[in-house]
There are 2 protein chains.
Amino acid sequence: MALHKRDQFTTSEQQLAVIAKALGHPARIAILQLLAQRQSCVCGELVTELPIAQSTVSQHLKELKTAGLVQGEVDGPRVCYCIDRAGWARARHLLSGLLVELPAPTAACAC
Amino acid sequence: MALHKRDQFTTSEQQLAVIAKALGHPARIAILQLLAQRQSCVCGELVTELPIAQSTVSQHLKELKTAGLVQGEVDGPRVCYCIDRAGWARARHLLSGLLVELPAPTAACAC
DNA sequence: CTTTACAATCGTTAATCGACGATAAACGAA
DNA sequence: TTCGTTTATCGTCGATTAACGATTGTAAAG
């Protein structure tokens with residue numbers, strides 16, 4: 001593979017991209033919203049709430065976990081998921097940083 | 001193809017996912033930041049600032065344009081890009097909506 | 001009318017994603 | 001131990017992404 005162009009970007013750019021990529025699918029947005037609504041963590045309940053197969057939900061959860069946005073804890077035969085406190089705090093920080101860097105459209109460009 | 005599961009999600013979930021997906025690459029983050037910094041719109045200047053080939057930059061610009069985040073205007077032989085006011089306003093709205101829905105880690109889950 | 005820049009598109013390649021069904025693994029209950 | 005429930009993983013498939021070089025298109029400049 002050797003020397004990805006990817007490495008030429010800022011770490012904060014990369015971190016933000018990882019977060020955004022994890023958010024880049026409606027199912028994962030829905031999962032996060034469900035986990036936030038029921039502040040009690042849900043498990044395979046997610047599967048019944050979502051219009052996708054169990055294995056697909058599991059994959060999305062894995063991606064969210066990899067991105068550090070979600071956390072799962074085994075509880076008997078089932079797994080209890082919840083939003084990863086630290087990870088989501090970081091994500092919030094990066095995202096709101098972007099909203100500051102790219103402010104609301106005031107004057108904007110001359111083109 | 002026929003009937004994507006994708007269609008089963010909220011439109012706001014889908015819109016947010018489209019935005020997030022567009023932000024899901026460090027090069028595109030970098031492009032947006034560059035366009036914001038120099039409030040004057042840049043063009044192929046982007047190519048010299050970024051560690052990727054001209055054609056690749058062009059592709060990323062296209063994706064950003066498709067997502068409605070960026071806008072390009074032909075100016076002689078060159079093209080002047082800037083942040084799409086309306087599109088970015090919408091994106092901001094959706095993103096900050098998410099930050100409200102998923103608040104900072106206070107109590108969180110019992111697991 | 002050429003030449004020259006600049007930017008978009010084409011064509012290709014390897015890699016990743018999204019989805020599914022099927023299977024395996026973990027564990028409590030009978 | 002065996003069964004049922006729950007979740008993760010495997011294997012597969014088509015579609016998409018990311019990247020590049022090469023080519024094409026467009027418009028000012030000579």
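1. The contact draws 48 residues from chain B and 48 residues from chain A, with contact meaning heavy atoms within 4.5 Å. This is a predicted model: local features need pLDDT of at least 70, side-chain atom pairs count only at pLDDT 80 or more, and totals for chains, interfaces and linings use all residues. Side-chain values use heavy atoms, without hydrogens and water.

2. Chain B and chain A bury about 4300 Å² between them. Carbon and sulfur atoms carry 73% of that area. Buried area here is the accessible area (1.4 Å probe) that two parts lose on being put together, summed over both. Phe9(B), Leu99(B) and Leu102(B) supply 15% of what chain B buries against chain A, more than any other three residues.

3. Between the chains there are zero salt bridges (a side-chain nitrogen of Lys or Arg within 4 Å of a carboxyl oxygen of Asp or Glu). Ten residue pairs across the interface are in polar contact, both at pLDDT 80 or more. Such a contact is a pair of N or O atoms within 3.5 Å; within protein, one must be able to donate a hydrogen and the other to accept it, and residues adjacent in sequence count only if both atoms are side-chain atoms.

4. On chain B, the elements giving two or more residues to the side that touches chain A are helix H1 (11–22), helix H2 (26–37), strand E2 (78–83) and helix H5 (85–101). Helices (H or I, at least four residues) and strands (E, at least two) are DSSP runs, numbered from the N terminus. H5(B) gives the largest share, nine residues.

5. H2(A) is mostly covered, with ten of its twelve residues buried (under 20% relative accessible area, 1.4 Å probe, protein chains only). Among them are Arg28(A) and Gln33(A).

Note on methods:
Residues are numbered from 1 along each chain as its sequence is written. Chains are lettered from A and ligands numbered from 1 in the order in which they are written. Buried means under 20% relative accessible area, exposed over 50%, partly exposed in between (1.4 Å probe, protein chains only).
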